[in-house]
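Student: I'd like to learn how to read a protein model. Could you walk me through this one, feature by feature?

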Amino acid sequence: MAAPTLALAWAPILRGGHNCCLRGHAPLGLSAPRKGFPAVLGRRATASSRTEVPGNDRYCVELLRKRDYEGYLCCLLLPTEARSSAFALRAFNAELAQVKDSISQKTIGQMRMQFWRKAVEDMYSDNPPHQPVAIELWKAVKRHNLTKRWLVKIIDEREKNLDDKAYRNIQELEAYAENTQSSLLYLTLEVLGVRNVHADHAASHIGKAQGIITCLRATPYHSSRRKVFLPMDICMLHGVSQEDFLRKNQDKNVRDVIYDIASQGHLHLIHARSFQKSVPVKAFPAFLQTRCCSLAHVAHGGVLGILVDWRLRAVEVTGRNSVAWVR
């Protein structure tokens, strides 16, 4: 699917949203299995049930539609042969992301992460657990020979995130985004049949940009729960305290914090664009969700409602392309 075609398909259906998959995001919610599906910590799937249980794919689609609407829209625009695997990947990511908001004790979250860690190991031994997302992800692994370490990185980083601590500096935020958002992009590229070093470099920077913007977008939600996750080093640089965000302070110092963090995301997009001529066109659909970094979807009122338009305008997609990093 050519980029202009994707642009036409993308424009009329894109909508904003705050469901995201980064630290402290607005809650994705607890995914309750459909009637007839076993619970997450259920029995193992038999050889026949892995492929014959109806609705596993629909479960992933519905989970994504409810918990990560932007990811859902992007998956719809992927080539037909890659769509089901992409839904499985993002459903896996949504399952992990919602663990933090659905537990009252860290130990319970660690148990769930261990389930998924074991599930990934078993997928590569052709013995996935009888759980809809796990079964669909196992099919994707077999179909596209997905790299296991990217799946493991996502799990490991989500588990670290259970500590619910603020980012100490922008580098820590970037590392988190690399291990979650970028890892998901690497896997999506593999689903599309793209194994290209330039595409991987672009994915690394785009993942970091998405992670940074996601952190900004989630600030109003964080504040409503009396939490702030913005990098502490940048806040300290401008003399801004967590209380300033909790009170929705709109002073210049607060705007400067947002500006500096957004600028770092913008730099990553610039780096990603530098690979424009080297990345195969086949890889473009993997980066559709970059469109959601635009200002129109960043501003949710409060502190973020005062973000300066001229700074994030560069994140906007142009009318000629569907992917923000491609000019």
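**Reading the model together**

Tutor: Buried means under 20% relative accessible area, exposed means over 50%, and partly exposed is in between (1.4 Å probe, protein chains only). Keep in mind that this is a predicted model, where local features need pLDDT of at least 70 and side-chain atom pairs count only at pLDDT 80 or more, while totals for chains, interfaces and linings use all residues. Residues are numbered from 1 along each chain as its sequence is written, and side-chain values use heavy atoms, with hydrogens and water left out.

Student: How many helices and strands does the protein have?

Tutor: There are 16 helices and zero strands. Both are DSSP runs numbered from the N terminus: helices are H or I with at least four residues, strands are E with at least two.

Student: And what do contacts tell me?

Tutor: Contact means heavy atoms within 4.5 Å. Take the contacts here between residues at least 6 apart in sequence: 76% of them join residues at least 24 apart.

Student: Which residues have the most contacts inside the largest nonpolar core?

Tutor: First, the idea: a nonpolar core is a set of buried Ala, Val, Leu, Ile, Met, Phe, Trp, Tyr and Cys residues joined through side-chain atoms within 4.5 Å. The largest one here has 55 residues, and Phe-92, Trp-116 and Phe-287 have the most contacts inside it. Several helices each supply at least two residues of this core, including H3 (56-67), H5 (80-97), H6 (106-123) and H9 (170-191). H5 gives the most, with eight residues. The core also draws at least three residues from each of domain 1 (55-163) and domain 2 (165-296); those domain bounds come from an automatic or database domain assignment. Apart from this core lies another, of 21 residues, with Ile-170, Ile-212, Cys-235 and Ile-261 among them.

Student: How do I describe two helices that pack together?

Tutor: Two packed helices are described by the angle between their axes and the distance between the axes. Axes are lines fitted to C-alpha atoms, for helices over the stretch in contact, and angles run from 0 to 180 degrees between N-to-C directions. Now the case here: H3 and H4 pack at an angle of about 130°, with their axes 5 Å apart. That makes H3 oblique to H4. For the cut-offs, angles under 35 degrees count as roughly parallel, over 145 as roughly antiparallel, 65 to 115 as roughly perpendicular and the rest as oblique.

Student: Which residues in H3 and H4 meet?

Tutor: From H3 there are Val-61, Leu-64, Arg-65 and Arg-67, and they meet Tyr-69, Gly-71, Tyr-72 and Cys-75 in H4. By class, this contact has five nonpolar, one polar and two charged residues. Here Ala, Val, Leu, Ile, Met, Phe, Trp, Tyr, Cys and Pro count as nonpolar, Asp, Glu, Lys and Arg as charged, and the others, Gly among them, as polar.

Student: Why is H4 described as largely enclosed by the rest of the structure?

Tutor: Six of its eight residues are buried, so H4 is largely enclosed. The buried ones are Glu-70, Gly-71, Tyr-72, Leu-73, Cys-74 and Cys-75.

Student: Can we zoom in on single residues?

Tutor: Ser-85 counts as buried, at 0% relative accessibility. Leaving out residues up to four places away in sequence, Ser-85 touches Ala-140, Arg-143, His-144 and Val-191. Val-191 lies in helix H9 and is buried too, with a relative accessible area of 5%. The C-alpha atoms of Val-191 and Leu-89 are separated by 9.4 Å, although these residues are 102 residues apart along the chain.

Student: Is Asn-145 buried or exposed?

Tutor: Asn-145 is exposed, with a relative accessible area of 58%. You'll find Asn-145 in the loop between H7 and H8. Its backbone has a positive phi of about 55°, although Asn-145 is not a glycine. Asp-126, another non-glycine, has a positive phi of about 60°. Asp-126 sits in the loop between H6 and H7 and counts as partly exposed, at 36% relative accessibility.
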